Amino acid sequence: MPDTTAEAAGWTGRSLPRVEDAALLTGRGRYIDDLGTPPGTLHAAILRSGHGHARIESIDTSKARALPGVAAVLTGAEIQAMTASLVVGVRAPVECWPIATDRLRYMGEPVAVVVAVDRYVAEDALDLIELRVTPLPPVLDPLAALAAEAPVLHEGLGGNLASDRRFRYGDPEAAFAAAPHRIGIAIAYPRNACTPIETYGVLAQYDAAESGYDILANFQGPFSIHAVIARALKVPGNRLRLRTPPDSGGSFGVKQGVFPYMVLMAAAARATGRPVKWVEDRLEHLAASSCATNRVTRLEAAVEADGRVTALDWDQVEDCGAHLRAPEPATLYRMHGNMTGAYAIRHVALRNRVVLTNKAPTGLNRGFGGPQVYFALERLMQRIAVTLGLDPLAVIRRNLVPAEAFPYRTATGALLDSGDYATAMERALREGGHDALLRRREAARAAGKHYGIGYAAVVEPSVSNMGYISTVLTPAERRRAGPKNGAQATATVSADPLGGITVQVASVPQGQGHRTVLAQVVADALGLRPQDVRVVTELDTARDAWSIASGNYASRFAPAVAGAAQIAATRLRDKLARIAATQMNLPAGALEFAEGKIRARGNPENALPFARVASASHWAPGTLPEGLEHGIRETAFWTPPELTAPNEADEVNSSLCHGFIFDFCGVEIDPETLAIRVDRYVTMHDCGRILHPGMVEGQVSGGFAHALGAALYEEHRYAGDGSLETGTFADYLVPTPTEMPELVILHHETPSPFTPLGAKGVGEGNCMSTPACIGNAVADALGLADVTLPVTPSRLAAHLLPAEAPPAGRAARPAAKPGERGLFGEGMAEVAAPPEKLWAILFDPETLRAIVPGAHSVERVSDTHFRAEVTLGVGPVKGRYTVALELLDPEPPRAVTLRGTAEGALGGGGGEGHVTLEPLPDGGTRIAYRYEAAVGGKVAAIGGRLLDGAARVVIGQFFAALARHAAGGAAPARRGFRAWLRRLLGWRA
Amino acid sequence: MKPAAFDYLRAATQEEALEALARAGGEARILAGGQSLLPMLNMRLARPRVLVDIMRIPGLDGVAVEKGSLRIGAAARQAALLARPGLAAEQPLLAEAMPWIGHAQTRSRGTLCGSIAHADPSAELPLLLLALEGEVALRSRRRARRVAAQDFFTGLMSTAREEDEMIEAIHIPLAHPGEGHAFAEIGRRHGDFAIIACAARVREGAVRLAVGGVADRPVARAMPGLDSPELDAALEALGWELEARDDLHASAAYRRAMLRRLGRAVIARAAAEVR
Amino acid sequence: MPLLPAGRRHRVAFILNGVAVEADCEPRALLSDVLRHSLAATGTHVGCEHGVCGACTVQIDGVPARACLTLAVQVEGAALRTVEGLGTPDRLSILQQCFREEHGLQCGFCTPGILMSLDALLRENPSPSEQDLKENLSGHLCRCTGYAPILRAARRAAERLKDAEHA
């Protein structure tokens, strides 16, 4: 065999400039929205739910359809007629449609798709769709969703629990009984998402002659989803051609979630007979694309006196949002083999429940399941140290998997491929300046500051076993379904008639520089320069080699895809060596590939140009050596044998590679403002062999930024009525350069024995370690037992600020429930008109029209029911609403309860107010009034800051006008009116 | 996220702009830098029938000293004022606080008067105008008038501007010799809207404190001096009076606490400048 | 007085990267859309359409501005510069070269906006402090790099531009 190993040639492992960059730096990238569209392409916009939970009463699309430029308006019923439900990952009688059919289950859920000549017109048509709904009580909290009385999202499930599995490894009961300490922690991990700066994009076409679909989308994989889409579109797999653009503007897992829109746009293309393009906007993205799961975890450890953990007892309640959308509940099972983290813990009890709530469906997100697990596990390790009075480092050291134990089979089934955790940790402490950090903490505390140090040790899994998700099924269910396992990586290396080399892989990069690394790896294999190798990463399922594991997720590129490319290149090289050998009259084993030549080892003068040999199979196939087919094209499919299906004991090697990370950090909290500052952060990585140091650093630095966001800034928040409150980048806060601390990155390489190049994944690790590390530092700084993410100054205020009491005379406002957007108010005024006159006004549509703010019309539906069309707003923010007003329990002319709802494009609200009219001795009336209201919907998501005030203004205007009208003129108010109005508005200007 | 349709008028003169406002009967919005209005148009929160672009009106972007005040024209951009030589001497509070407004990429287009007209309760410029007892010059076809900042901001994104009026300029008094100023703000990140912002001015022993981000509009009060035993109680009372609300980014209790701390801190810094 | 009625397309003329261009658009058309879809200048990217992410940052008459917060009709007669005007793949500008050398980009989607901001900043302030750079870049969101490589690229560009000036 020729001896031209990658190490000898040496492109791999160097930080070469990226081949991607020249185009991207000059505005010549080819992202999905930069590609041309076929003639006649239509543009889609989506009407989305403004409710967390509601029943659809009617959808009238006639006005929207009539708008010039609109080609079609498709509702759930029309989509259902063309498609089938998306496959759901658990055995349960529940469907998952990409559009609402009978009910709205989360804010942002698609309700109708408008297809029009351009996006502006399509959005105009959205405004003309008349959607009538009846709000239903929502359930947002995963534990509340489990309660018997909780509103049920999917009747077929009979409740909100989609899956409940218990696992037992070793003998956890005995270990807990024998241990002197049982130490636990309870965690509610929040929702967040990596929000790529490029949003989703889809261009769908339908070929009626072939009954097939052609969909271009910035989808990232896994291509197991191809099967889900084909089944939803009711076509065989070969009638669904799925293509990806050359460039993609980031994903971090999130662009897996574009697939329901691929189904919607494909159906729209079929319905209109025209190509349909949709580019998601940021509001849509933040409300409804995809995000990580929020999870409630209770974790307990059986602990020896020296800090040694002998058993863990996990109880995880996973919130997947309103639909169990493929590949969920994968977030919960991705870590299944790694539930003991970096520690040698042999006994594990585990209960996994999956619940559905009125929030957006979840999906892939950088770290995928790791952050939720490690925040609990690493916070627990810190709690163990505090509880037992031990050094947190000593507790970590005592439990790490020992270096001599690799490959190490964890209690739950993972096979940890390689590592030396203790050495990596000690090196990090030494090279990262841990002693200096301890002194820094001491000095800061002596100066009266809040300063804490945190640690985290995690195992970072990569290259997912495509069978791990089947752990959600019982062994019996798995037997019926057939085994699922492995992770096929594919790569094709081909030679063209001029001897040029092209590499095609099904890796679907989203900015990671795959083309550069593949050029390095293949150039090394063939003795070429990277610039001689052309790498194509856009995927076309109709033409390219691919499999279900194709795509860009689970940090699989370096360990799996780059390895497959090396295998394909090596096969091609071996063939070319045999061709060259016959021409040079040498044995193939005496040849080497170097400097663009195939030459005799030890005699570089005896050489053939690489291109000449590589092109020979095209021009002169008759001259090939006996028994050799050709040397044109080699496709390698590589799947690691270690990735076996879950066994009867539910043990699963959920991932092929396991990197190691040890982090420590110093955090200071400003005693005045409670601002949290990460003072120093050190992260040590063992990601196996490093193929491109610059890119590895970029992955670590970028993952750290996401994790810092998760720790301190980012959260998808919902109000109690199901309204999303973080619908813009002004409220969903991601770190900018001013928020980023300096990051010290260290490496300790132990190559993986299981991957062709010895590499492991590296991009997700800090998303797993950093939130826990920062959380531990905050806990250390403030002596807290519980740390809730994201850690914000306002959250710390509850711990750090002295209790306050409202001044005398100021009633404490009823505390809003967590996340609830409650409005309360009351008021009083005296007007110069008798109660009877005021009473008449309340029941007279004509007068109501005059006093309801912004009313266009008021119609009396029954004696006590009114319907009004109004334009409401504050400042420039205006919207048209349909208001239903009901007068309850009237006691003429003394008291009445008003119940109202308002529905409009900007959102909706409802409330109840009680009004009493008390006659005064002088013939006037004292109006007393109190109300309770809630507003939500689109405005809540994009301008929550402004919402409460706006509602108060409108309610205030109503009563001001009532009083004015009752007095019969422009200057009605008598004593107290201005004060009443001010009080009503809630402000004392 | 595309705006609803509107007519666009590129006004060549102020007369044209005023005439358009008068004709539109509340259905027009002035378009200046657009940095507050365009997001609302894109989200279809605002749907004016006509936009009146005033940025081509000659002379409207002037910044000049006039009778002891800085007169800042309707088309003057925030970046232009920030780059004005001598601003730190003319009005140090503006020079200190203006870098907190948004980002360089929005200050480059955004106008001062536009931010005043928008009257966001968390924005810095309304707070500064109020802290410095500035005035807003309004003009319509009917009349021209000046409104004190104290009376201009009437509520959440609501002002004393009538629908046919445009802000022609704002007037911000120059710093008096011997007075001290300070500004402080807490936001979640750099460039975010304020959770709370405080501006203090100390002049001849009189302390004026303005607070933004807490109530539905910026609020200014005379405060006891730094050495007064009454100061803490006054800050405490102001915190409750402003009826701070819980929102996504901070609790009411946090806002009240920060008002006590930040309020005292800016008063201390302003007082220190005097000495 | 030019009144451009809604619902109709109007001719807008301006200079784009030194070349006179025209586009027909409705008054409500965003500059970002007109650059990308009418003028094929797709290097300017759209990330949020509410002025926060910075991906659409261009230079209007020399100063950085959000194309998503600008109507195309507003730039009538103005001189615009976009990433396409900075350099070409075989002739990268110094700033672009530094981004390449420091791995200041991954997916590259936010990069054009960042380049336009830094290009303007370094022209105005050739010796920016670390804080100047961070504050300027806080008007941009990047989700790939963690910003450290971007800041390194910016520092390197500042130094090299100064050297180029002195040379």
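This is a predicted model: local features need pLDDT of at least 70, side-chain atom pairs count only at pLDDT 80 or more; totals for chains, interfaces and linings use all residues.
How many bridges join strand β12 of chain B to strand β13 of chain B? Seven.

Strand β12 covers residues 196–203 of chain B, and strand β13 covers residues 206–212. The two run antiparallel. For a landmark, find B:A200, which stands opposite B:L209 in β13(B).

Now the sheet around that pair. It is an open sheet of four strands in chain B. The order is β11-β12-β13-β14, and the pairing is antiparallel. Which strands of chain B sit at the edges? They are β11, residues 180–186, and β14, residues 219–223. Each of these pairs on one side only. Neighbouring strands in this sheet are turned by 15° against each other on average, direction ignored.

Helix α10 of chain B, residues 231–241, lies across β13 and β14 of chain B. Its direction is at about 160° to β14(B). Helix α11 of chain B, residues 252–274, packs on the sheet too. Helix α11 touches β11, β12, β13 and β14 of chain B. Its direction makes about 155° with that of β11(B). Keep both helices in mind.

Let me move to another part of chain B. Helix α1 covers residues 14–24. Which of its residues are buried? B:Q14, B:E16, B:A17, B:L18, B:A20, B:L21 and B:A24. What do they pack against? Five strands of chain B: β1 (7–10), β2 (28–31), β3 (50–53), β6 (135–139) and β10 (166–173). Just after α1(B) comes B:G25, with a positive phi of about 55°.

Now the interfaces. Chain B and chain A first. Here 47 residues of chain B are in contact with 57 residues of chain A. Between them the two chains bury about 4,600 Å², with 55% of it on carbon and sulfur atoms. The count of salt bridges is six. One to look at: the side chains of A:E804 and B:R256 meet at 2.6 Å, N to O. On the side of chain B that touches chain A, α10 and α11 of chain B each supply at least two residues. The largest share, eight residues, comes from α11(B).

Last stop, chain A and chain C. In this interface 53 residues of chain A are in contact with 50 residues of chain C. The two chains bury about 4,100 Å² between them, 58% of it on carbon and sulfur atoms. Which residues of chain A lose the most area to chain C? A:L25, A:Y120 and A:I197, together 20% of what that side buries.

On the charged side, the rule finds six salt bridges across this interface. In one of them, the side chains of A:D124 and C:R28 meet at 2.7 Å, N to O. Which elements of chain A give two or more residues to the side that touches chain C? They are α2 (21–25), α5 (119–126) and α20 (693–712). Helix α20(A) gives the most, with eight residues.

That is the tour. Thank you.

Definitions and conventions:
Residues are numbered from 1 along each chain as its sequence is written. Chains are lettered from A and ligands numbered from 1 in the order in which they are written. Side-chain values use heavy atoms; hydrogens and water are left out. Two strands pair if DSSP finds at least two bridges between them. Axes are lines fitted to C-alpha atoms, for helices over the stretch in contact, and angles run from 0 to 180 degrees between N-to-C directions. Contact means heavy atoms within 4.5 Å. Buried means under 20% relative accessible area, exposed over 50%, partly exposed in between (1.4 Å probe, protein chains only). Buried area is the accessible area (1.4 Å probe) that two parts lose on being put together, summed over both. A salt bridge is a side-chain nitrogen of Lys or Arg within 4 Å of a carboxyl oxygen of Asp or Glu.
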